[in-house]
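I opened a new structure today and kept notes as I went. Here is what I looked up, entry by entry.

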Amino acid sequence: MHSSLRLLASTRAHTIGFIGVGRMGGHMLNNLICRGLQRAEPGGPATRYIVCDPDDRCVKSVVERQQRENKDVEVVVAKDPHEVTLQSSTIISMIPKLTHVQQVYTSSSHPSVLSALKSGELSPEDVRATMCMDESTVEMEGSRAVSEAIEATGAGMVDAPVSGGVYGAEQGTLTIMVGASSPEKFARAKPTLELMGKRVIHCGNLGAGLAAKICNNMMLGISMLGLSEAMLLGKKLGLDQQILGDIINTSTGQSWASSTNFPVPHVKIGDSSPAAHRDYANGFLSALAHKDLVLALRAAESVDSPLYVGELTERVYRQMMDKNEEMGNRDFSVVYRYLDEVVKSGSGKP
């Protein structure tokens, strides 16, 4: 082995690559680093981190944060996923769409994870030691094809989408749903995933993590729309919205939407800090919530499963963004504001 490859192998085993350090990924990387420091063995090798994102602002933000808060941790920047893969035995990604996942992992026209694994720049042992964890929420079949292409090289890959939103990413309380081709692959990924979440659950084979996430997020959208309708109805019936909110959260209507991300401004629920208190900023974007609803509809169509309420919820979010594109960039609880505006406009229906 050339001396450069020996040096690469010695550092690569203790390097984690993170691709996609935006709204969610930046917080997840911070927990990965901070909890990794807490669990590090005294005198053991230091973990090195390499980040990659097309948005230079996101990269600058996470690097500067670690320079302030964890000065002894090495965080470097890679120009593309190929470079990340050459330097990292563990690769994590948190990116928006399937096309992005495909470009990062399997593109033949851009420097990708697969191009690095096949380049000959890594030894067969280093390829087999590589574990990829895609935490994006994308189409199941496309994700499975990407994972199979990566695993065909001898590397490992799991789909590991998360639930808990930006707040859960920041607090490290995410639920992480994992699809893996074997229990052994799940066992390899789990210790790293545990640094970013509260629960890490093996859901089944490749794609199963995404199946669980899609079902969960469809229910999330449905519950937010139902809560918004109930609160608007209560308002029209003359109920005090704080009183109604308190009742819902101590009764059978309680949900994550009502206890953590209440959609009505000025209603205070416990110690929660919902996006509605910040003009619906800095939360789970409506555009992403709608994307997940579309994923659920496509999945349901492929297996002939009825989604009566799911279809209605998708339509409401789609119409909301068609009428006001800016709402797609607000937290998905902004659907309450949209319904309120519909009532005020006198149209009566979304």
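**Ground rules.** I call a residue buried under 20% relative accessible area, exposed over 50%, and partly exposed in between (1.4 Å probe, protein chains only). This is a predicted model, and for local features I need pLDDT of at least 70, while side-chain atom pairs count only at pLDDT 80 or more and totals for chains, interfaces and linings use all residues. Residues are numbered from 1 along each chain as its sequence is written, and side-chain values use heavy atoms, with hydrogens and water left out.

**Salt bridges.** I began with charge pairs. Side chains of opposite charge can pair when their charged atoms come close. My cut-off for a salt bridge is a side-chain nitrogen of Lys or Arg within 4 Å of a carboxyl oxygen of Asp or Glu. How many salt bridges does the whole structure hold? My search found 16.

I looked at R48 and E74, whose side chains meet in one at 3.2 Å, N to O. R48 sits in strand β2 (residues 48-52) and E74 in the loop between α3 and β3 (75-77), so this pair links distant parts of the chain, 26 residues apart. Helices (H or I, at least four residues) and strands (E, at least two) are DSSP runs, numbered from the N terminus. R48 is buried at 16% relative accessibility, whereas E74 is partly exposed at 42%.

Next I checked D279 and R330, which form a salt bridge at 3.5 Å, N to O. D279 lies in the loop between α13 (256-260) and α14 (286-303) and R330 in the loop between α15 and α16, so the pair ties together parts 51 residues apart in sequence. D279 comes out partly exposed, at 37%. I also noted a network of salt bridges linking D279, E326, R330 and R337.

**Around T137.** I found T137 in the loop between β5 (131-134) and α8 (140-151). Is T137 buried or exposed? It is buried, with a relative accessible area of 9%. Its side chain makes a polar contact (a pair of N or O atoms within 3.5 Å; within protein, one must be able to donate a hydrogen and the other to accept it, and residues adjacent in sequence count only if both atoms are side-chain atoms) with the side chain of K213, at 2.6 Å. Contact in general means heavy atoms within 4.5 Å. Not counting residues up to four places away in sequence, T137 touches P96, P161, L210, K213, K291, D292 and L295. Two of these names came back: D292 and K291 meet in a salt bridge through their side chains (3.9 Å, N to O). D292 is buried, at 3%.

In helix α5 (residues 98-106), I listed L98, V101, V104 and Y105 as the buried residues. Seen down the axis of α5, they fall within an arc of 125°, so they line one face of the helix. That arc is taken from the directions from the helix axis to the C-beta atoms. An α-helix has 3.6 residues a turn, so residues three or four places apart point the same way.

For helix α16 (residues 335-345), the buried residues are V335, Y336, Y338, L339, D340 and V342. Their cover includes α11, α12 (241-248) and α15 (308-323). After α16 comes G346, with a positive phi near 85°.
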